[in-house]
Amino acid sequence: MKKADIILIAGCFAAVLILAIAFMARHDTGSVADIYCDGTLLYQIELNQTDATGQAQYYLILFEEQEEQGIDVHIMHSEEYPELPVGRSYNLLSVGEGTVAMEAADCRDQICVRHKPVSADRENIICLPHRLVVEIYADKDDEMKKRKEGRTDGSEEKSDEPLDGVVG
Amino acid sequence: MKRTVELGFFLALALILSYVEALIPFSFGIPGIKLGLPNLIVVLLLCRNHSGDGSLGRHDIQAALGVNILRIVLSGFLFSNLYTIWYALSGALLSFAAMLIGRRMRCFSVVGVSVLGGVFHNIGQILVAMAVVETIYVGYYVPFLIAAGTVTGAALGIVAMELIPYLKRHEADRERRQ
Ligand SMILES: [Zn+2]
């Protein structure tokens, strides 16, 4: 090992520390969870609402391949753990006490299921195979979110990339 | 011919490491983080002739880049699918560029080169992930990506550092026999 190696490693850890502190400093709790597919906002879940009952709520996101326009997405809300579909792509979210978790998914890599539950502003869970993003916002009318929505308004191109797990 | 055999050997090793890596969950739920075990082979190929003036031969660059691309394409076909190949290639190429620059700078040892590879691999993959899902607050993952890349890169770099003397001794033995 050379001196430059030590400097590089130390520099990386310094950068990690500074960035981590910077993010922690603005660690606001989230009030809304947005669900995006292919960059388009599909659904908003109010996080504070669920606290009234204290019970977890479940959101089952179902993907269906359309013949012409790519992918159709349905979101089903239920109070109990739903039955998982067979032969259709899905992601299952649970929402409770201001926290969103990916309970199950049939995606190939299962990376999203392994993600820790999210609750703070701008934390997110990504399911890359399904092109799905769940993102937390502190403020319902976040600046960046508005920009994102404004951008996606104009372009309605859908990809024809097949979702894995879809049969037939 | 001798070089072809040797490259085939390194490629096979990289594929085995790809397979082992696919068995170990190490993502923490963040797309883009990888242990980078196959990168050990690329680091070895880039850094094994590190003695003397520290120059890097064209053959070494070609060998490292060739093994890097082939192991991704082959392991993609063997263990996953086409879409994963594009995704993995971008991370690997960014990482390769960073390692090549690090190697050319001559101030780093194997460990430094490997750390650069680990960090830039993770950053490259998350950038693709961002492009695929469109937008997203990238910054949130960056500290994790740098930390994971540094730790895995340093660990693999130390392994490479220990292995290089053996490779050199083998090379010397072979030349003596001829
Ligand atoms: Zn997933």
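Q: Does Tyr59(A) count as buried or exposed, and at what relative accessibility?
A: In this predicted model, local features need pLDDT of at least 70 and side-chain atom pairs count only at pLDDT 80 or more, while totals for chains, interfaces and linings use all residues. Residues are numbered from 1 along each chain as its sequence is written, chains are lettered from A and ligands numbered from 1 in the order written, and side-chain values use heavy atoms, with hydrogens and water left out. Buried means under 20% relative accessible area, exposed over 50% and partly exposed in between, with a 1.4 Å probe and protein chains only. Tyr59(A) therefore counts as buried, at 7%.

Q: What is the angle between the planes of Tyr43(A) and Tyr59(A)?
A: Aromatic rings of Phe, Tyr and Trp (its six-membered ring) pair if their centres lie within 6.5 Å; planes under 30 degrees apart count as stacked, over 60 as edge-to-face and the rest as tilted. Tyr43(A) and Tyr59(A) lie 5.9 Å centre to centre, and their pair is tilted, at 55°.

Q: Which residues are the protein donors of the zinc ion?
A: Donors are N, O and S atoms within 2.8 Å of the metal (3.2 Å for Na, K and Ca); water is not among the atoms, so sites may look incomplete. The donor residues are spaced C-x4-C-x14-C in sequence. Lying 2.2 Å from the zinc ion, the donors are the SG atoms of Cys107(A), Cys112(A) and Cys127(A).

Q: What is the mean pLDDT of chain A?
A: pLDDT is the predictor's confidence in each residue, from 0 to 100. In chain A, 78% of residues reach 70 or more, and the mean is 80.
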